[in-house]
Amino acid sequence: MSDFGDISDPDELSTISPKRKNPKGKDILMKSPGIKYEDIVNNLSEASGLGRETISKTIAEYKRTNTVTSPNKKRIKSSLFDKIDDLDRNGLRQKYTIKKLDFVFEKRKRCSVLTKREDLIVQRRSYLYNIRKYRQEGRQIYYLDETCLNAGDFVDRVWKDNTVLSKHDAFNKGLTTGSTNPTGKGKRLMILHIGSDKGFLPGGLLCFESKKNSADYHDEINGDNFKEWFETILPRLEPNNIIVMDNAPYHSVILEKYPSTRWNKAQLSEWLQSKGVVLDRPFLKHELMAQKEAGHTVLRLPPYHCEFNPIELAWAMVKGYAKRENTTFKMDDVRQLLHMAIERVTSENWQNFIKHVIGEEEKIWKVDDIMDEVIDQMEHCVLTITGETDSDYE
């Protein structure tokens with residue numbers, strides 16, 4: 001009899017666990033019938049990878065119950081989902097899933113969905129409404145914006161002739177690689193312009209070399225130089241027009257008081273004449289006010305919506321041409337390329353840019369309508385499900 005006690009038949013050891021391809025315990029007893037219990041446990045532990053304590057507990061369980069339960073098996077409990085029908089199961093699943101995600105069921109304070117800030121939506125909606133109205137009125141709309149162009153800007157992808165195998169081969173074929181690419185961006189041109197469906201405004205370009213090293217080109221333009229440029233282009237614009245611009249700080253500098261009904265005729269006349277309005281006869285006060293209203297209206301772009309400004313597409317066309325043709329990376333040459341690029345942008349191009357922008361405006365307008373309807377429906381559904389009314393939250 002071995003140290004296993006009642007285990008006399010080596011085949012009985014195979015019932016301790018599911019039968020395997022190479023039952024190690026059986027081999028150990030057959031080869032060494034008089035082996036000690038402690039050595040058997042050590043040998044089984046080494047052969048199976050199980051701990052000595054696990055093997056000892058398994059042997060003790062077998063001696064006690066004449067059977068062995070697998071240590072890896074867990075008792076399967078029937079869940080609540082197994083005892084109910086599909087309809088109840090679906091309802092419980094929704095509530096159970098929400099609870100598992102650490103949601104707490106409590107009285108609703110408001111219905112929340114992820115949307116843009118309300119103030120930004122209001123500004124965007126106001127802009128879209130006004131720009132539509134001005135187009136319907138047939139008023140001339142101008143768009144202005146700033147950008148920059150670096151002397152070192154160039155197109156970094158070119159067509160490569162794979163028939164040229166080396167520098168020596170290129171020399172023999174009379175070819176040259178031209179000037180090398182610049183190591184940095186170099187000097188920078190600051191550009192300010194205005195345009196409409198008729199193209200860039202003739203004489204409306206402001207271009208000067210950057211004096212600062214700032215990464216933001218807006219730092220180069222301030223209220224003074226913008227005011228000086230703006231006053232030069234105003235007489236070139238059609239009367240009763242709309243000027244679209246973004247919310248750059250230097251676009252919002254308060255320069256002077258604007259006429260109101262409290263002004264007398266002398267003040268109105270002086271202000272109009274300072275703006276280039278010719279008063280060739282005596283005017284009544286309400287006529288002077290009408291002259292003022294026949295001037296220029298500034299319309300601000302909503303924040304974070306530069307895609308509503310078609311001049312951005314014009315800049316892309318201008319800078320694309322300048323980069324493709326830039327081979328010297330010299331400021332004077334880049335300045336000349338800029339003028340050539342601006343002349344290449346036709347009124348037809350501008351009309352296509354504006355058409356594209358109108359399409360973007362229509363998309364956003366529809367999205368706002370859809371989101372407003374979705375939120376309203378969500379509010380209604382929540383109130384219906386909970387049996388509450390809006391008065392509960394007033």
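Mentor: With pairing. Two strands pair if DSSP finds at least two bridges between them. Keep in mind that this model is predicted. Here β1 (residues 141-150) and β5 (residues 241-245) pair in the parallel sense, over three bridges. Tyr142 stands opposite Ile243 in β5.

Trainee: Which strand do eight bridges join to β1, and in what sense do the two run?

Mentor: That is β2 (residues 188-196), and the two run antiparallel. Tyr143 of β1 stands opposite Gly195 in β2.

Trainee: Which way do the side chains of β1 point?

Mentor: General idea: in a regular strand the side chains alternate between the two faces of the sheet. In β1, Ile141, Tyr143, Asp145, Thr147 and Leu149 point one way. Tyr142, Leu144, Glu146, Cys148 and Asn150 point the other way.

Trainee: Are the residues of β1 buried or exposed?

Mentor: Ten of its ten residues are buried. That holds for both sets of side chains.

Trainee: Now single residues. Why does Thr58 count as buried?

Mentor: Buried means under 20% relative accessible area. Thr58 has 16% relative accessibility, so it counts as buried. Thr58 is in helix α3 (residues 52-65). Its side chain reaches the backbone oxygen of Thr54 at 2.8 Å.

Trainee: And Lys211, buried or exposed?

Mentor: The cut-off for exposed is over 50%. Lys211 counts as exposed because its relative accessibility is 74%. Lys211 lies in the loop between β4 (206-209) and α7 (223-233). Its C-alpha atom is separated by 9.5 Å from that of Leu189, 22 residues apart along the chain.

Key. Residues numbered from 1 in each chain as written. Predicted model: local features only at pLDDT ≥ 70, side-chain atom pairs only at ≥ 80, totals over all residues. Heavy atoms only, no water. Buried < 20%, exposed > 50% of the residue type's maximum accessible area, 1.4 Å probe, protein only. Helix = DSSP H or I, 4+ residues; strand = E, 2+ residues; numbered from the N terminus. Polar contact = N/O pair within 3.5 Å; in protein donor to acceptor, adjacent residues only side chain to side chain.
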